[in-house]
Structure formats: C-alpha cells, structure tokens
Amino acid sequence: MATVHLRIGDLVWGKLGRYPPWPGKVVSPPKDLKKPRGKKCFFVKFFGTEDHAWIKVEQLKPYHPHKEEMIKINKGKRFQQAVDAVEEYLKKAKGKDQTHSDDKSKSDKGRKAAKPMKIIEEDDEDAFKGGSSDKEQTDSDPEPSSVQRLVAGTVSGFKWESSPVKDDPHFHHFLLSQSEKPASSMEPITKRLKIIEEDTRSTSIQAADSTAINGSITPTDKRIGFLGLGLMGSGVVSNLLKMGHVVTVWNRTAEKCDLFIQEGARLGRTPAEVVSMCDITFSCVSDPKAARDLVLGPSGVLQGIRPGKCYVEMSTVDPETITELSQVITSRGGRFLEAPVSGSQQLSNDGMLVIVAAGDRSVYEDCSSCFQAMGKTSFFIAGEAGNAARMMLILNMVQGSFMATIAEGLTLAQATGQSQQTFLDILCHGQMASTFVDQKCQNILQGNFKPDYYLKHIQKDLRLAISMGDSVNHPTPMAAAANEVYKRAKALDQSDNDMSAVYRAYIH
C-alpha cells in the first residue's frame with residue numbers, strides 16, 4: 001500500500017477509539033509527557049477542540065488528500081467548525097510564509113530561500129484555542145515514520161464536544177482536555193488543588209478545579225483499588241491507568257476485569273482483598289442496595305478495612321446510605337469520602353467527569369491525582385458526609401426532568417405536523433443550546449439508544465430525589481411527573497437503554 005511520511009507540523013486526520021476522524025496537527029508533546037509504549041504514534045493537537053492525544057500511526061491520514069472524503073462522512077456542526085479552523089490556520093500560515101519569504105529575499109539578497117515554515121507562531125494558537133508550539137523533534141519525541149493509508153470507518157452521528165477554555169498544556173489526560181477556570185477568585189490549599197468558597201446557610205462549597213493547575217499530573221504513590229467496572233467505572237479505571245496509577249480492580253462479573261489486566265491493572269479476588277491490598281479504594285455501583293452489599297456483604301469492603309485505609313464511594317445513592325457506610329467504615333478506623341460523579345460513559349472515557357465530594361477532606365486531597373485523571377473539575381462540599389449525595393441527586397433530578405421535557409417536545413412537534421429536525425435546529429441555536437441537547441436529540445432522531453447513561457439509573461435518581469424532597473417537606477411536582485414517564489419507559493423494556501429512550505414512552 002502507498003505510504004506517506006509525517007513530521008512535526010503536518011496536518012492530519014486522526015482517529016481515536018470510537019471517535020470519527022478529526023482534523024489535527026502533529027506537534028511536539030510537552031517535555032514531561034512520556035510516549036506510550038507499544039506501537040509507533042504521534043502527538044496530535046485537534047482543531048476546534050481543546051484535545052490532544054497520542055495517536056497510533058495506523059489511525060492517521062494526511063489532511064489534504066482525504067479532506068473531501070472526510071467531509072462527506074461527517075456533517076456535524078462542530079466538525080465543520082473544526083474544518084473551518086483548519087482553513088483559517090492555513091490562511092494565516094500562508095500569509096506568514098509569504099512575509100517570511102519576502103523578508104528572506106531582502107536579507108539574503110538572492111540566496112536560495114529556506115524550506116517553507118512548518119511552525120505555528122504564538123498568535124496562530126487561536127486555531128486550536130490553546131496548546132504548545134512546535135519545535136524540532138528530540139529523541140523522546142515521536143519519530144517521523146510511514147503511515148499506511150487506511151479507509152476510516154464512518155461515524156457520522158458523532159458530535160465532538162467543545163467548550164471555551166483556558167490554555168493549560170501541562171494538565172494532560174490521555175485526551176488533554178481542559179476546562180475554563182471558575183470566574184470566582186481562587187486560593188491554594190495544596191500545591192495540587194485550588195479552592196473556591198461560597199457561604200451558604202448550612203454548608204460552604206469548595207471547588208477544586210483540577211485543570212487550573214500549572215504542572216503535569218503526578219500519579220500518587222498510593223495503591224489504588226477500584227470496585228465496579230460498569231459504564232462509568234470502566235472509563236475511570238482506564239484513565240487512572242493511563243496516568244500511571246497502580247490500580248487493583250474487582251467486578252462482580254469477573255470477565256470485565258480482563259481488559260484492564262491487559263492494560264496493567266492487578267486483579268483482586270474479592271472486595272475485601274482489594275481493600276486489604278490498597279491504600280485508597282474507589283467503588284462505583286448501580287444503586288443503594290449494591291453499595292451496601294459491597295461494603296457489608298460476604299468478603300465485603302468492611303472486612304478489609306484497617307486503620308488508615310481510605311474508602312471512596314462514587315455511586316449515586318441516597319444520603320442515608322452514605323451516612324450508614326461512613327459510620328461503619330470509620331468505626332473500623334477507616335477514612336471515608338463520598339465522591340459521586342456527574343457525566344456519562346463518553347465523558348468518563350474522556351476523563352471529563354465532574355466530581356462532587358464530601359466527607360474526610362484529607363482523603364479528598366489524597367485523591368487529587370486520581371480526580372485529575374478521571375475528571376475536568378472536582379468540588380468538595382463541606383459539612384457532613386451525605387451532602388455530595390444530596391447535591392448529585394438534585395443535579396440528576398434536573399437533568400432527568402429536562403430530558404423528559406425534550407422528549408415531550410419532540411413528540412409534540414411530530415404530533416402537530418412540525419419537523420422534529422427543525423425543532424432541534426431552532427433549539428440548538430437558542431438559549432438552551434448545549435452538547436447534551438444536541439447529542440441526545442440527534443440520537444433520538446437516528447433511533448440510537450445505546451446507553452451512555454442508563455434510563456433505569458436516571459429513574460432511580462429521580463425516585464431518590466423525590467424521596468429526599470419528601471423528607472424535608474419540599475414539593476417536587478416536576479420531578480414526580482418526569483419520574484412517571486420514565487417508569488412508563490421502563491415498562492416498555494427501555495431500562496437498559498440510554499436515558500433518551502424516555503422518548504419511547506410518548507410514542508407507545
């Protein structure tokens with residue numbers, strides 16, 4: 001097959017995992033970012049996003065020869081914005097090349113011109129919205145090599161996430177995504193965390209924006225355990241391993257551990273064994289019963305707890321369950337933190353979750369590198385354990401109710417003879433425009449309900465939020481109405497589909 005040679009500065013199409021091919025540029029990696037072992041790869045900075053990644057050579061194509069092909073298979077709005085960013089960069093580069101050439105002609109007085117510039121000047125960074133400048137490759141950089149031309153798979157329905165950010169090339173996930181710093185003033189609590197305080201009647205909220213740190217992630221030397229390799233847990237463990245953490249895994253269905261063992265994780269035979277082997281053990285399971293069984297059941301977490309052992313509960317459960325687990329863990333001398341996450345399977349895979357924590361503040365700080373690996377931002381809520389559960393249930397109540405309302409709008413548009421696509425187009429150009437709305441609605445219109453966040457889990461969260469409202473005599477009529485729609489969808493066998501499958505409750 002024909003081959004092409006790549007070097008620093010070349011424009012390419014890069015494909016990472018399930019993502020569609022995306023326009024990018026081969027750049028030099030940060031000095032402290034090691035090249036992954038295994039197949040030859042290049043460090044690519046993607047246009048129109050804040051993402052960087054090591055991409056294997058067989059997943060790269062030169063930009064110009066394949067431009068028309070790629071444009072045909074991906075019609076997404078963000079994809080087009082990325083292509084526009086490439087064209088804008090090329091215009092700037094052409095202008096700089098011309099200026100450079102003119103200057104050289106004057107100074108060299110007829111001498112042979114140098115090779116065309118391949119380096120982005122500092123003011124060209126707008127094309128990427130941040131990132132590092134190019135330089136000649138060193139021994140530690142990816143070496144130029146040949147790349148076989150491949151036929152990339154089409155994933156036309158995918159929408160690449162993008163949000164305005166501050167440039168911080170030192171904070172590197174496998175995808176080096178960054179998020180905008182909070183607008184509030186920040187002050188250091190440790191060299192790895194920054195916090196923001198907001199006074200309320202009952203608690204102060206302290207946010208640690210893990211992406212606002214000047215410096216690379218240094219994985220903790222503590223041994224990490226992880227229990228539960230579902231939609232969310234799998235992505236978390238993958239990112240922990242990629243960032244160099246030592247991780248021991250356990251899952252009720254043992255076969256799910258195999259992939260992570262191949263990636264370098266260790267295997268624990270029981271939850272108790274994992275806790276015994278590790279300094280900090282995370283868990284992420286489906287519901288309150290599963291969380292309690294994991295801790296209190298046979299060969300459970302509690303049997304492995306010794307003084308100083310840390311247990312971090314990442315499951316979205318009710319505050320009463322958190323209080324119970326906190327009490328039994330600390331009664332054995334253990335240290336407890338709750339840290340439920342806001343996001344989806346895709347965000348988990350990307351290391352872009354939002355972590356909401358409460359409990360033992362020292363455990364939160366010990367988990368700094370872990371939270372940076374798995375998420376874009378983490379929040380610590382002061383006060384008693386259970387406050388993070390309360391906050392997460394409120395967040396998911398709003399999200400679940402919103403999703404049901406969007407589904408209701410789509411079906412009402414259809415019932416009144418309106419175009420659902422036009423409804424979505426208008427929605428995505430208004431004040432409610434968001435990646436969430438765009439992706440969920442596109443999936444609905446395509447009939448794609450592959451789970452990114454299980455419908456049964458968002459219904460569970462609604463149920464728990466309603467119960468929490470009842471406990472403080474606070475009405476939740478909107479959530480209650482949405483909950484009934486999700487229950488209807490569950491009765492239609494949609495439990496294991498994505499939450500957007502609530503749409504089907506309106507059409508059956």
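Let me start at His64, which is exposed, with a relative accessible area of 52%. On terms: buried is under 20% relative accessible area, exposed is over 50%, and partly exposed is in between, with a 1.4 Å probe and protein chains only. His64 sits in the loop between strand E6 (60-62) and helix H1 (67-73). Helices (H or I, at least four residues) and strands (E, at least two) are DSSP runs, numbered from the N terminus. Beyond its neighbours within four places in sequence, His64 is in contact with Leu11 and Leu90. Contact here means heavy atoms within 4.5 Å. His64 also pairs up with Val12 over a stretch of chain: 52 residues apart in sequence, 7.9 Å apart in space, C-alpha to C-alpha.

Before I go on, the ground rules. This is a predicted model, so local features need pLDDT of at least 70 and side-chain atom pairs count only at pLDDT 80 or more, while totals for chains, interfaces and linings use all residues. Residues are numbered from 1 along each chain as its sequence is written, and side-chain values use heavy atoms, with hydrogens and water left out.

Now confidence. pLDDT is the predictor's confidence in each residue, from 0 to 100. The protein chain averages 80. Of the residues, 73% score at least 70. Where is pLDDT under 50? Over residues 110-215, and the model has 284 contacts beyond four places in sequence for that stretch. Where pLDDT is low, the predicted coordinates should not be read in detail.

Overall architecture next. The protein chain has 16 helices and 20 strands. Buried residues make up 53% of its 508 residues. Take the contacts in the chain with a separation of 6 or more: 68% of them join residues 24 or more positions apart.

Back to helix H1 for a moment. Ile71 lies in this helix. Ile71 is in contact with Phe79 and Val83, leaving aside neighbours within four places in sequence. Ile71 and Pro21 are 50 residues apart in sequence, and their C-alpha atoms are 9.9 Å apart.

On to strand E15 (residues 280-283), where we find Thr281. Thr281 is buried, at a relative accessible area of 1%. What does Thr281 touch, not counting residues up to four places away in sequence? Gly225, Leu227, Val274, Val275, Cys310, Tyr311 and Val312.

Next, Ser369, in helix H11 (residues 368-374). Ser369 is buried too, with a relative accessible area of 7%. Its contacts, again leaving aside neighbours within four places, are Ile217, Thr218, Pro219, Thr220 and His245. Ser369 and Asp221 are 148 residues apart along the chain, with 9.9 Å between their C-alpha atoms.

Cysteines. How many disulfides does the structure hold? The count is 0. A disulfide is a pair of cysteine sulfur atoms within 2.5 Å. Cys367 is buried, with a relative accessible area of 0%. Cys257 also counts as buried, at 1% relative accessibility.

Two backbone points. Ser299 has a phi near 55 degrees, positive in a residue other than glycine. Ser299 is in the loop between helix H6 (288-296) and helix H7 (301-304), and is partly exposed at 32% relative accessible area. Asn473 has a phi near 60 degrees, again a positive value in a residue other than glycine. Asn473 is in the loop between helix H15 (455-471) and helix H16 (477-491). At 70% relative accessibility, Asn473 counts as exposed.

Rolling a probe the size of a water molecule over the atoms shows where empty space is left. On a 1 Å grid over the protein atoms alone, a cavity is a set of points where a 1.4 Å probe fits but cannot get out, and lining residues have an atom within 4 Å of a point. Points are joined across faces, edges and corners, and a volume is the space filled by probe spheres set on the points. The count is 1 cavity of 30 Å³ or more. The largest cavity has a volume of about 30 Å³. Its lining consists of Ser315, Thr316, Val317, Ile322, Glu338, Pro340, Ala389, Met392 and Leu393. Which helix gives the most to that lining? Helix H12 (residues 387-415), with 3 residues. The lining divides into 6 nonpolar, 2 polar and 1 charged. Here Ala, Val, Leu, Ile, Met, Phe, Trp, Tyr, Cys and Pro count as nonpolar, Asp, Glu, Lys and Arg as charged, and the others, Gly among them, as polar.

Technical notes: On a 1 Å grid over the protein atoms alone, a cavity is a set of points where a 1.4 Å probe fits but cannot get out, and a pocket is an open set with protein on both sides within 12 Å along at least five of seven lines; lining residues have an atom within 4 Å of a point.
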